[in-house]
Amino acid sequence: MADSKKKRFSIRKLIYNDKYLIIISIILAVAIWIVTSMNLSPETAKTITVPLTVDFSDSAAEQLGIKCFGDEKVDVEVTISCKKYRAKDITADDLNVYLQTNVVTSSGNFDVPIKVDTNENADFKVTSYYPTIYKGYFDVEDQKEMEVAINYTNSDFIEKGYTMGEPLLSESTVRVKGPRSYVSQVTSVQATINIEEKLKTTTAMDIVLNALDSYGSKVNYITIETGGENLTITIPVLKEMDLDVKADFLGKPSKVNINDFNVSYSVNRVKAGVLEDANITDAVVGNIDFSKLRPGRNTFTFNVKNLDSLVILDRVTEIDTVVTIPSDYKSKTISVNAGNVKVINVPKGYKANVVSISANKITAIGKKANLEDLSDNNVGLVVDLASLNKKKIKEGAASYKITPTIENSDTCWIYGDYTASVRITKI
């Protein structure tokens with residue numbers, strides 16, 4: 001039957017159909033153009049930067065304990081040749097850049113070859129690359145601690161009428177690390193400081209350190225390790241002043257008048273540098289404790305090289321202080337025993353018993369009338385264990401300082417040092 005017959009596909013009709021013929025022609029033309037372009041595309045050159053990490057792990061050098069000292073990364077410029085249409089698609093990921101590490105078998109300078117490979121199916125080729133070698137020094141690593149030295153390019157940077165105190169470094173020592181043969185050449189670690197303006201206030205600044213040899217030249221392959229990110233120096237700037245010398249007295253009974261004593265100094269007045277805002281009016285050279293004073297002449301020698309808040313500018317390193325207690329002050333011996341000693345601030349969980357004391361007599365100083373009524377009932381002997389850390393407590397007997405006091409008296413004091421043997425036991 002005519003309506004049941006299917007229409008047959010005819011190539012002949014398709015070819016002679018102008019519309020289909022045009023579409024097929026266009027498709028074939030594009031395909032031929034693509035194939036021809038790919039085959040006949042001109043060659044072009046492209047340079048690719050490939051970062052190379054210097055790594056000698058799992059090498060003969062590592063097994064020998066030899067470390068590489070040099071740049072940790074190298075940029076290798078690789079030039080390739082490829083079809084022009086492919087150039088934009090080729091990247092550093094398509095290249096394998098590595099070091100031929102097996103050439104390093106001992107310490108010393110080595111030119112390690114740099115190699116560049118491509119994948120097996122790569123449709124481009126490497127024409128050149130640079131650098132072709134990695135230069136490094138190989139040796140056993142060493143280190144040593146060294147003090148930091150300061151080198152000023154200009155020494156005249158303090159304003160007139162002021163002086164410079166002792167500079168303070170955030171770290172006075174650093175660790176020098178590197179190849180053993182180069183670490184041995186380092187004789188100093190220096191920071192060079194250039195200050196052009198005149199200073200009249202204390203100034204802090206960051207500094208950069210260099211490891212130098214005995215000729216003052218920088219040593220290669222050396223790293224300097226510090227505890228913090230930035231190493232700083234603080235330069236104290238002090239105002240110059242003329243000050244009277246003075247000693248402070250500690251433990252003075254409230255009604256004892258220092259003016260009753262004759263106090264003299266080997267140097268009465270000094271030129272000093274002081275912090276301008278510290279309100280310093282005297283050069284205090286040290287402290288004299290009343291427990292060191294007895295009737296007659298008492299001499300104390302103070303080192304004045306490192307005083308708080310001031311610097312002595314005169315050429316003097318020690319100052320003697322003579323304290324003469326007048327003859328109307330007398331001494332009296334008072335008998336004491338271990339039972340007179342009181343132990344305070346005993347750590348929790350422990351008990352303390354006084355075993356013995358260093359002397360069974362103590363010396364009290366004062367005017368005769370004030371000493372007459374003194375007895376052991378007026379004397380307080382105290383051992384304070386507050387400084388003991390529980391983790392450091394050791395059971396058993398040990399020697400501790402006695403702090404003596406005179407009760408109900410503000411005119412007398414105890415002369416001398418005394419100790420007690422105290423046994424500590426756990427409860």
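Predicted model: local features only at pLDDT ≥ 70, side-chain atom pairs only at ≥ 80, totals over all residues.
Colleague: Which residue in β12 is the bridge partner of I150?

Modeller: Residues are numbered from 1 along each chain as its sequence is written, and side-chain values use heavy atoms, leaving out hydrogens and water. Strand β8 (residues 141-152) pairs with strand β12 (residues 188-193) in the parallel sense over five bridges; strands are DSSP runs of E, at least two residues, numbered from the N terminus, and two of them pair if DSSP finds at least two bridges between them. Within β12, the partner of I150 is A191.

Colleague: Nice! In β11, which residue is the bridge partner of E147?

Modeller: β8 and β11 run antiparallel to each other, paired over seven bridges. The β11 partner of E147 is T173.

Colleague: And what is the strand order of the open sheet?

Modeller: β11 also pairs with β15, in the antiparallel sense over three bridges. β14 (209-212) and β15 (223-225) are the edges, each with a single partner strand, so one side of each has no neighbour in the sheet. The five strands, with mixed pairing, have the order β14-β12-β8-β11-β15.

Colleague: How many of the seven residues of β11 are buried?

Modeller: Buried means under 20% relative accessible area (1.4 Å probe, protein chains only). Strand β11 (residues 173-179) is largely enclosed by the rest of the structure, because the buried residues number five of the seven.

Key. Helix = DSSP H or I, 4+ residues; strand = E, 2+ residues; numbered from the N terminus. Buried < 20%, exposed > 50% of the residue type's maximum accessible area, 1.4 Å probe, protein only.
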